[in-house]
Each structure stands twice: as structure tokens, then as C-alpha cells.
Amino acid sequence: MNLWQNYLRPKTLSEAMDAFAHAPRPLAPIAGGTDLLLDLEQGRHSSVQTLIDVTEIKELLALEIRADSLFIGASVPVNRIVLNPRTGAHAQALTEACELIAGPQVRNVATLGGNVAHALPAADGTIALAALNAEAEIAGFSGNRRIPFQELFVGPGKSSLKHGEELLVGFYLPLSTRHQASCFKRIMRPQGVALPILNCAAWLEREDNAIKDIRIAVGPGGGTPFRATQAEDSLRGQHLNETTSESALESLLAQAQFRTSARRASADYRRHIVSGLFRDTLETAWSRAK
Amino acid sequence: MNNQISLTVNGIKHNLEPVAGETLSALLRQRLRLTGTKIGCEEAECGACTVLVDGEPVVSCIYPAERADGKVIVTIEGLAQRVHEEMKLHPLQEAFVQHGAVQCGFCIPGQIMTAYALLKRNPNPNSDEIRFALKDTLCRCAGYPAIENAILAAAESLRTGEPVRKPNIPDSIHVHQSVGHTHLRPDGIEKVTGAAIYTDDLVFDGMLYAKARRAMIPHGFLKKLDISKAKALPGVVAILTAEDIPAEHNHGLVIYDWPVMVGVGERVRYVGDAIALVAAETQQIAEQASALIEAEFDLQPVITNPVMAHQEGVPQIHEKGNLLKHIKVRKGDMEKGFAESDIILEHTFHTQTTDHAFLEPECSIGVPLADGRMEIYCGSQIPYQDRTQVARVMGWDESRVRIVGQLMGGGFGGKEDVMGQIHVAMLANVTQRPVKLLFDRHESLLVHPKRHATQIRVKIGAKQDGRLVACETELYGDTGAYASLGEKVMTRATTHSAGPYDIPHVRADCYAMYTNNPPAGAFRGFGVTQSAFAVESAMDMLAEKLNIEPVELRRMNALHVGSITNTGQELRESVGLMECIDRVSSVMCQASGLPEKELFKPRVTPDTPHLVRSWGFAAAYKNTGLGGGAPDKSGAEVELFDDGKFEVRSSSAEMGQGLVTVMRTIVAEEMSVAPEQVKVLVMDTDLTPNGGPTTASRQTYVTGNASRYAARTLREAMIASLAEKYDVRPEQIRFENGIVHANGHSMTYAEVAKEMKAMGQQPRALYEYEAPKTQPLGTGGDMHFAFSFGVQAAEVEVNKLTGEVRVLKVISANDVGMAVNPLGLQGQVEGGVMMGLGNALTEEFIMDNGYVVTDHLARYRVPGIMLTPEITSIIVEHPTAEGPYGAKGVGEICSIPTTPAITNAIYNAVGVRVDKLPVDQEMIARELWERNGK
Ligand code: FES
Ligand code: FES
């Protein structure tokens, strides 16, 4: 069975929106295709008539500094993100997350937009973006808008994008200044599905040997990307040491909703291993922000 | 839709019509016939399909062809340069051949393209960078160390312009002229250039595409089957059901219990049972038609495991019941044995089902010939058995069927049963057109036989000083829906279940049970993988109780010349176990700078107190050959051609393991020529004599011997002719480097060939070798004609917080009798370790009430290069008199002790005993936190 009938390759955003408006339906945007094509093939995605290839839309391919943000287009292959020194400088957590995605032959086609559009609450790229306080730019029939990253997520596998009408354009990340740094780490299980059983990203700013501001994301800690806001609160203004990190961990454990995923990890196990991962990530970010 | 795809492939411009739903890999393989790009999964998991798009490596299997418009593509076919008439290999290609990185070859295009892209970006990568780049490019033959070395060597050559550095592999200690030295594979070059042809790479005029409709329910009766909608679909040429089976309805390797298709009113026994076959003009139509077939089932309760299958009152899956076989081993007197023991230890272990996950999924093509015969192109470990099974079902004389075996992208035991061979024969016969049946990864995972899951209880009794007195084992083996080789596999599991030890009192009982899981059959290790895990774990538990070092306990009890095995066989020669134990132990001490008694203690570095390291140790043995009274024969034929070159032929299978190199080296040895002067032809039932099944680590021995004796016979015939011609005594004739010297006269082999023909003789010889007779289990005497021995030590690092396990080093010593081809052996040993490591840590074929959960490669984890430890291979050579130059089998023994060596190391590091495979890091972490009371 053919997975699609029509294949459109818009080169600009307006061509893309045109395609969204007029192409035979059902339709779906395709970026790397690593998830979409398999979902179509294995019957997890309802069948489509038209695929709109978003990987050649110039607005979605930019990776550049725009005013006080780093803009990463939704269709930039994750390998480009990994290799780009700007991402390394301003969003190390994202580089580290992208680096861990499969091998180079997949990273060269996979995109951050595709990764996020699936709305999995614990995808590596998603957790990094959540800690980096990203904003998402969305194109629709009535123009573009920017929303806080978290608002893209409605529930597990459900994004707030209007299917077939809206398109992710890219992400804006605040530029990093001195004494700000981030870090991403994860724990895998060697059997079964290639998803991490736990990942964690932290961004923080240091001032006078104390944490001035901090953002921590942990996946999977709920139905949407989980921000450990209570742990963040407990750490703000504090020096990072054994005691403060222990009490932050307690706040995190009180707030996060770890669940059991069959054959991957029990909630219990996640609660136990999060401590090491949390500390590790935090300490790395802390020492990077020196 | 765009109206053209214009792209440049390997420097050539193409303008093509877009085809709906086409991927780049399909465009390359089917439309441009560039079949070097391989398909292992179509899920972006294996990397076999990697090509360069505008200089970057991408997986072509999920890359829409239309996206390639305007792009520049390089495939494996584009790397070698044609310089005048010669192909000049790229240094990467050259290095892959030289370093033995090429085994079955199926992953190689992907490996090379990925490495090529890496070297473009980074001309001087270190090992970590290489591993990182190749982390998702899988090799199931798992020559990862060789791949890494090849890339390093190629990078060096590219930087310096010097020729590719050769690997440093020691020769055999029993070296001959050719045999015992490293030789390159005869098929190496075609495998690195993409020219190698596997079954799916073949296309015939007018070929149809087939799809088998599977039951997809684990147990029930087929109530209704309606093919009308499918039949009405344009492009469908034939649909067959059980009613169309011409003669015998069942197939099987030993027992004919596996229906070719399940008919209405008949019993479905597992999800993969076929209920209908479709042949259509395209693959897409065949799949669509298969989905349109309507089936109704009367579902039955599902038998999910062998212990349940053995209980009273459960549904019986086969007419003769759920018990395939009760296998018994009896030696000595158990009561006495346990009474004499100072210490008795008992524990039950569980091993999981695993899948071979050979990178090349199954493919068969049936081609009807004008004279009524049928050719079947496929990858098969037993071509003559395929022929028999096809002929039985078709109701034909066997001579009407020709199996034309193709290069195989891995087998490991998983290509012994017929998969599509019978189905394509039926479809091709009805349509009188060639028909191809290619499994996708999903179907491969669902349908073909797996490794048996087992439950094994071990009870060991020993004296205080460590001498083993008694061992009792009880095994349950899950043979799934059909017998396949289940009885044989579980027999081997049972006879080897007390380990490679000299124990006076032994009793083993095994129940090989039918269940509603996918069938289980042959898989590298053949049952011994499972029982070795159980008994070697128990040995370490015993060592701890006795307060004896694990190595010492094994030394004290190791089989030696003069020992009597559990089945009553006296070992009269070739028992290199003790040497394996000693050498592994000393390398282990060297590698870690510790004395033997410190090796097995936990070690931490102060900075990372949660990471604990330790070593683990395990020993094993494995029979070479079928044994158990089965006649073990192989035929080989050697011919001298007019150009002075030789050809050796046997139907035995080359699946990547390197038999062709062994055959060629042996014939070169006997004929005193360079191995390059010998061609090898295998796996063709018309052109090659029956080499028997490629299983049980038997081919080096039996087909090696058959090749050797066929060569000798031909040599004698050559001598006789020349002796007659020159009127000299046969002893006066010498063979040297392609020249025959006869008392002052000399002749090239080409001249000898012509001379013989002129004398009315055919310069060829056929030899059917029969291995020494063996005895059936239970009758005493020699159950096997040879055993290989193996010992491994693994160093692991366990993360006490997360339970994660990393294997850092593996030392593997194998007594193989004699190393016929040290380079090939190296690949087998490294691949064996990686397969054992996968069995311990990553692989688990999961079923849920008979339904397969791990039905895609994304859910079934095969170890990649990132998990590869530092592997040290020690070759131990205690020759066996009858083996070719002393050689015995190696394919399996090198994979068997890995798992228990790893799990024993985990115990030594953190005190958690893994008794259920695969290792579950959560279980380790849980035990540790519970122990610490938090
Ligand atoms: S990744 Fe493309 S075939 Fe496996
Ligand atoms: S050589 Fe890599 S899969 Fe066989």
C-alpha cells in the first residue's frame, strides 16, 4: 500500500500554507519522517493523501541569532544543531540532547520540529527546550504567533497545533550570558524501545556563588514536559551543596508524577534513580556556570 | 506532485518520474538497480541503507524519493574507482577486507558509507569518535572491533597515502603451507563494493510479488476464510489457500508438524501461521490484497509457557499432546551422590526467547522453468532439505526442484527451517511466472523460529574440598508451536546441563514442550547457551559457599583427557579446557594487575563510589557435529579447470561465518597453490554435492574434511595420469606452486588438466566424507566425535544507583583444535562475544499471551558498537585426530560462556545474583536499595 499519493515540496512558508489550504486531504507535514512514516506504515497514524515536505522551507531552516534570541528552525536537522557552535554556546543542554539521538544517518534527517510535534512529554529535545525556556513560533492561515514552549503540549502525544492548519516554524532560545549554563543527561535501559527511561535538563544562572535563577525539566514526569518548579523555587538564591540539592530533590519528588511504563521502568525505579541523575545534571550546570 | 525527480547518483544524472509512496532506497534498488544499498529493517534502526545525500549520511529507507530531487547521492557502488580495467578500492573498502570486518557482508555498505562520511569530516578520528559515528549502524555478525580497526587503518592510509596497514593476527601454532595462515574471504571484495548479490537483489522478467497472510492469533480454529475481495483487486494474479496445497500439507526439519497453510476447520498454533498466499504484479498490491482477505477464528485458550504446557488438563496443541520430548541423561547414582556431598546447592534459572535478527530478512524466489522444473533462489542453511520439503509439498520428485542458494546476510541457525521456499514454489507453479516473497523485518520477527526460552533447575552436590559429586538438572524448553529442531536443541541443552565437568553422578530431565509462541529451533549455541548460564551461575554460587576461588573450582573439576562425560563418553583426546582456564586467568591477572584471588572482589575508584567493577568467569563445552547417532556426512567436489584453477563445490552454507575461506584454504593446501587459485561454489542442489546442514559447528570439520579428501583424490588422479604419461613412480611426482614436477619434466596445472582430458579422464573428484560414528543418547559410548571448549572472563562496571551494567573487557579462550584461518576465527570469536553480550544484556523477544510485543527492530535491541568491550581472543589448539589438520568447530563455543561470565561478574561487583535473563538493571537497583533499607 502506498503511504502517500501526493508529495509537495514548498520552498517558502507561504507556499507551505498554500499547500495546507489546497492540497488533497487528509494531509500531514513531513520533516525527517523517522516517526511519521513508521507510524503510517505500522498503522498508528491514519492514512494520508498528501505529504507536505517541510524540510526545504527556508524559514524553517534558519539557525541564527535574532535580536536577543537564538532561533532554530523547526526543520534544521538535529545533526546541524549538534555541530553548530552557536547552539553549543547558548544551549548546551540542547546540543547534548540532540547528540544522543540515534546515529548520524538518522540525525541528518530528524528535526527538532518533528521531535516536538509528536508531543511526547519526555523526548530528549523536548526536555532540553523546556529547561531552556524556549518559545515556539507557529504559522497558521492567519499569520504567525509565538507561544511559550510548554503551551505546545496538551497531553501525552497531543500537541496544541491544529493538525493540517498550523505548522511549527521554529524555536527562540534566550541567549546565554556569562554565568549562565545548561546541561542535559539521561538514563537508558538497554532492552526494548529506544527511549530513555529518565532524562533531565537544567539551566541556571550563578551570581556570587548562589543560584540566581534556575529551570529544571525532567521526563517523563507527567503528561506534558515536566518543569520541576518547586525544586527551582527551593534552589533560587541558594548555594548549591549537598543540603540544598537534597531538599530540591525532595521538592521534585513531591511534585513529579512518575509513572510505570510497561517493560521499561516502574514509577518506583524512576523515583530512585532520579536522585543521581538530578544531582549530576545540576552539578554539571552549576560548575559550567562558574 | 512534481513531474520529475532529477538527481545525480554516483556522478550520473537521472531524470525519473515520481512514484507515489516511493522511498529513496526503493528508487536506488529497484529503479536504478543499485542493490548495494541494503534493507535490513525499513525502520531507521539498522543503518544498512545508509547513503550520502549532498555529502551527509542518511537512512534511505525512510527518505522520500521525491525529496532527493536536485540532490547528489553517493552509494556504496560509487566509492571504488575504475582505473583502466581494474577496480581500485577506496582505502575503507580495502581495509574492511584486510581486517576481516566483512563477514556476511549485509551491513557493510552501511558501515562503509557511514565511515566514509565520518572521515570526510574528521580525517583522524579516535576510537570513541568512530564508535559514536557508527553507534546506530548495526552488524549482527558483530565484527565491531574489526570494523573499528579497519576504519583506523583506512584513515591512516588516507592521511599518509601509504597502503592500508594490515592487521596483526598470529598464525596457528600448527601452521601448514596455506592452512593456519590468515587468508582473505573470496567474497570480500564484492561485499565491500556493493556488487554482492543477495536474494532480494535478484529480479526476473515478469516476476510477481507475494505476501503471506498470517493468522495473527496465537491459538484457535480457522472458521471462515473469504478471499473474494482480495481476488477482485486489480493486479492480483493468484491467491492460494490450504485447499491448493498439491500434496503433503506439513513441512518440518525432523517432524512434519508445521502446516504450509492452515485450512478452514484446522488449528492455528501461533500468530505466524499462514492462511493464504497472494501473488500480485507489485509488492503494494500483494500487501493490499492480503489485508483484504477476511478470516474468522474460533479462539482457544493460549498456552504461553512450557511449564503451563506440561500441566494436566490444559489444551493440547498437537494431536500427540504438548510434550515434544522428554529427554533423559543418567549417570551414576543420584542418591549416593547427594548422600556423599558435603554441600548441596539448588537454584532455578530462567532464560528468555531471543531472535537471530540476522540483518538480511528472509527472501525466496520461485522460478518455473520450461521443462517443468522449478528453481528456488533463497538463503538457506540446508539447501538439500529445502529441496526435499518443497518436493514433498508439491508432490514432485526431488530432482524437479533446484535450490540455488544465494549469499546470506547472516543465519546463526535461523535459516534452517523453510520460510518462503514452499510458498513461492506453489505460487510460481500456479502462475507459471517467477514469484518473489520477501519478508519485512516485522514478518521475520513474527514467523521464524527463535532461541528456546527455558526454565532450568540445577542441584549440585560437592565435597568440602570442591570436588563435584552430583548434579541434577530439570529443564523446561519452550519449543513454541512447531517442533523445528526443538528436540535436538533441547537434547544438547540437557546433555551439557552439568557443565564441562567430570562429575560421577548426573541426572538430567528435560521437557521440550509445545506452546502457542512462535516456534523455537536452532540458534548459535543450540541449547547450550541456556544451560551454560544456569550451571555456570550455580558453579559460582557453589564456589562462594565453599569459599573456593571460581577459577580454582573449575580447575578442580574440569573435563580432561580420560574423563567420562555425562552421557558416558570417554574423552580420549583434544580436551583443551584446562589450558583455556589457565590462559584466561593469566590474561585477566595481567590486564588488571591483580593476583587471581583479588580478581573477583568488588573494586571502586574513590571519585565514583557508586561505580563498582569486578571480573566474572565461566567455562563451557560444545559438541562439534550432529552426534547422537545421526549419520554425519558431507560431500565435496574439486575440479581442475583448463586454465589451471580449481573449484571446490559443496551445498554447505556460507552465511558469513567463513566456510568458503576454509574450503578454499584447504584445497589450496592440498593442491599446493595459492588460495586465490581456488574458486568456491556452495549451496546449489544441481551443481554442488550435499554438504548436509550448516549447523552444530560442523562444517569446518565435515565439509573441511570432504574438501580435503576430494582434493587428495583429485591429486592422486593427477599423479596417476602423470605417472603413466612419464612412466615414473607416483612418489617421484611433486606439486609446487601451481607446477607439477615429474622426474625432470614439469607441467602447469592447466597442462595437466588438458592432458587428463586427452587421456579420457575428468580432472575432478567427488568425495563423500562420513564423520566417525556416534551413539544415540542413553546408549553410552561416543555421543559426539569432538567437543570444543571455551572459557571467558568478563569485567563489568555496575552503577549501584541505577543498576546499569557496562561490560568493559572480555577475554575469550577457545580450544578449536586448530585455527584453519586465524582471521576468520577472530571474527567468529568477536561476534560470538557480542551475541553472548546481547543475550545477557539487551535482547529479549517478548510475547504477551502469544502475541508478539517485540515485532519491530525498534523493540528488539541488538548490541551496537557502543556496547562493544575490549575483546581479547586466545586461541587454544588441541588438535583432534580426525578433524581437518586437527580442527574442530568454533561457531558456537565462542558465544556460550559470555552470558554467565557477565552475570557472575555482576554478582562479584554488587552481590546481586541474576537468575533470569536478560539482566534487568531495575532488578539490580531494587535489590541494592532494598538491602540498604531505603
Ligand atoms: S535503517 Fe534503513 S533499512 Fe534499516
Ligand atoms: S557482516 Fe555485519 S551483519 Fe554480517
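Predicted model: local features only at pLDDT ≥ 70, side-chain atom pairs only at ≥ 80, totals over all residues.
**B:His784**

I find B:His784 in a loop of chain B, between strand E33 (764–770) and strand E34 (786–799).

Which residues are in contact with B:His784, once neighbours within four places in sequence are left aside? I list B:Arg492, B:Gln569, B:Asn623 and B:Thr774, together with B:Gly625, B:Leu626, B:Gly627 and B:Gly628.

**Chain A against chain B**

I then turned to the interface. I count 50 residues of chain A in contact with 53 residues of chain B. The two chains bury about 4200 Å² between them. Carbon and sulfur atoms carry 54% of that area.

**Polar pairs and salt bridges**

I checked polar contacts across the interface of chain A and chain B. The rule gives 23 residue pairs, both residues at pLDDT 80 or more. For salt bridges across this interface, the rule finds five. I noted one salt bridge by name: the side chain of A:Asp53 meets that of B:Arg67, at 2.7 Å from N to O.

**The chain A side**

Which elements of chain A give two or more residues to the side that touches chain B? I have strand E1 (6–8), helix H2 (36–41), helix H6 (104–107) and helix H11 (267–288). I also sorted this side of chain A by class. It has 25 nonpolar residues, 15 polar and 10 charged.

Notes:
Residues numbered from 1 in each chain as written. Chains lettered and ligands numbered in written order. Heavy atoms only, no water. Contact = heavy atoms within 4.5 Å. Buried area = accessible area lost by both parts, 1.4 Å probe. Salt bridge = Lys/Arg side-chain N within 4 Å of Asp/Glu carboxyl O. Polar contact = N/O pair within 3.5 Å; in protein donor to acceptor, adjacent residues only side chain to side chain. Helix = DSSP H or I, 4+ residues; strand = E, 2+ residues; numbered from the N terminus. Nonpolar A, V, L, I, M, F, W, Y, C, P; charged D, E, K, R; others polar.
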